[in-house]
Amino acid sequence: MAPPTRVWLSTPRGRRIIEGCLLGDASISWTSQHLGTAMLDMNQSMVRASWANRVAAILNEEGLRCSAANQWKGRSVIRGTVVERREVRRIWTISTASLGDLRAKWYVEDYFPDGRALKIIPRDLELHPETIAHWLCGDGAGGARGIRFATNCFSEGDVDFLITELQQRFEIKASKERQREREFLICVRRKNMQVRLKALIEPYVDPSCLYKLEDVRPAEPGGMKPNGHWSERQRIAILAG
C-alpha cells in the first residue's frame with residue numbers, strides 16, 4: 001500500500017491557511033488514527049460563505065483537495081448560546097497523513113472524560129499576516145471595543161502565547177479579556193495597534209470580511225483612500241513606523 005500523501009505540507013501558504021482556520025472554528029479529525037490520516041472540516045455561517053469558498057479554492061491550488069457545499073445544521077449550543085437550525089457553508093478536505101501530523105500537534109487526545117480531545121496551540125506555531133487574516137475572517141470581530149479574536153476554546157496559557165507572538169513578531173500589543181471563568185478573548189484595543197494590525201493583514205482579508213476592519217482609521221485626517229483602505233505605500237509606511 002502506498003503511504004498517505006504529505007505533499008501539501010511542502011507549501012507554506014497551504015499551512016498558513018490551515019493554521020489560520022484552526023485558530024478559529026475549523027477542526028481536524030482522524031479518519032484512521034492507526035494509519036495516521038485525518039481530514040480538515042469547517043462550518044461557517046452563510047454570511048462568510050465567500051471566505052469559506054476562498055479557503056477551499058486556495059487549498060485546492062496548493063494541492064490539498066477540498067470540497068465545499070451548503071448544509072443544514074441542527075439546533076446546537078455554542079458558547080452557552082442556543083443556535084437554531086440553520087444553513088451553513090461547509091468545507092472539508094480529503095484524508096491525508098499531513099493532516100494527521102497536524103492533528104497530533106493541535107490536539108491532546110482523550111483529554112475529557114467522554115474521550116473527546118482538547119484543542120491546543122502548538123508552541124512551534126509561527127504567526128504570519130496571512131494566518132492572522134484568516135483567523136480574523138473566521139473568528140474575529142471589529143467595532144468600538146477594538147479588534148477581537150475569540151479564543152474561548154483555548155487555555156489561558158495558549159492565549160498568553162498568542163499575545164506574546166503578536167508582540168514579538170509584529171510589535172502589536174494585545175490583551176486578554178475574560179469571558180467566563182476559564183474563557184478569554186484576545187483584544188487589540190489601542191488605536192495605533194489596530195492601525196498596525198490592519199496594515200499588516202488587510203491584503204489577505206477576504207473582501208466579504210473587510211467590514212471587521214472598517215472602524216480602524218488613521219489618527220491623521222486624509223490618511224486613507226475614499227474606500228476606507230490604505231494603499232500599499234501607506235501600509236509599508238505604517239509598518240515601518
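Predicted model: local features only at pLDDT ≥ 70, side-chain atom pairs only at ≥ 80, totals over all residues.
Trainee: Which strands form the open sheet, and in what order?
Mentor: Four strands, ordered 9-10-12-11, with antiparallel pairing. Strand 9 (140-141) and strand 11 (175-180) are the edges, each pairing on one side only.

Trainee: How many bridges join strand 9 to strand 10?
Mentor: Two, and the strands run antiparallel. Strand 10 covers residues 147-150. There, arginine 148 is the bridge partner of alanine 141.

Trainee: What lies across strand 11 and strand 12?
Mentor: Helix 5, residues 156-170. Helix 5 runs at about 10 degrees to strand 12 (183-188).

Trainee: Switching topic. At what angle do helix 1 and helix 4 pack?
Mentor: About 35 degrees, with the axes 7 Å apart. Helix 1 is residues 12-22 and helix 4 is residues 129-139. The contact uses Arg13, Arg16, Ile17, Glu19 and Gly20 of helix 1, plus Glu130, Thr131, His134 and Trp135 of helix 4. By type, that contact has four charged, three polar and two nonpolar residues.

Trainee: Is the crossing left-handed or right-handed?
Mentor: Right-handed.

Trainee: On to helix 2. What span should its 13 residues have?
Mentor: At 1.5 Å a residue, residues 49-61 should span 18 Å. The end C-alpha atoms of helix 2 are 18 Å apart, so the two agree.

Trainee: Which residues of helix 2 are buried?
Mentor: Ala49, Trp51, Ala52, Val55, Ala56, Ile58 and Leu59.

Trainee: And what do they pack against?
Mentor: Helix 1, helix 4, strand 2 (37-45), strand 3 (66-73) and strand 6 (86-93).

Trainee: Which glycine follows helix 2?
Mentor: Glycine 63, with a positive phi near 100 degrees.

Note on methods:
Residues numbered from 1 in each chain as written. Heavy atoms only, no water. Pairing = 2+ DSSP bridges. Contact = heavy atoms within 4.5 Å. Axes fitted to C-alpha atoms, helices over the stretch in contact; angles between N-to-C directions. Left-handed = near helix turned anticlockwise from the far one by under 90°. Nonpolar A, V, L, I, M, F, W, Y, C, P; charged D, E, K, R; others polar. Expected span 1.5 Å × (residues − 1). Buried < 20%, exposed > 50% of the residue type's maximum accessible area, 1.4 Å probe, protein only.
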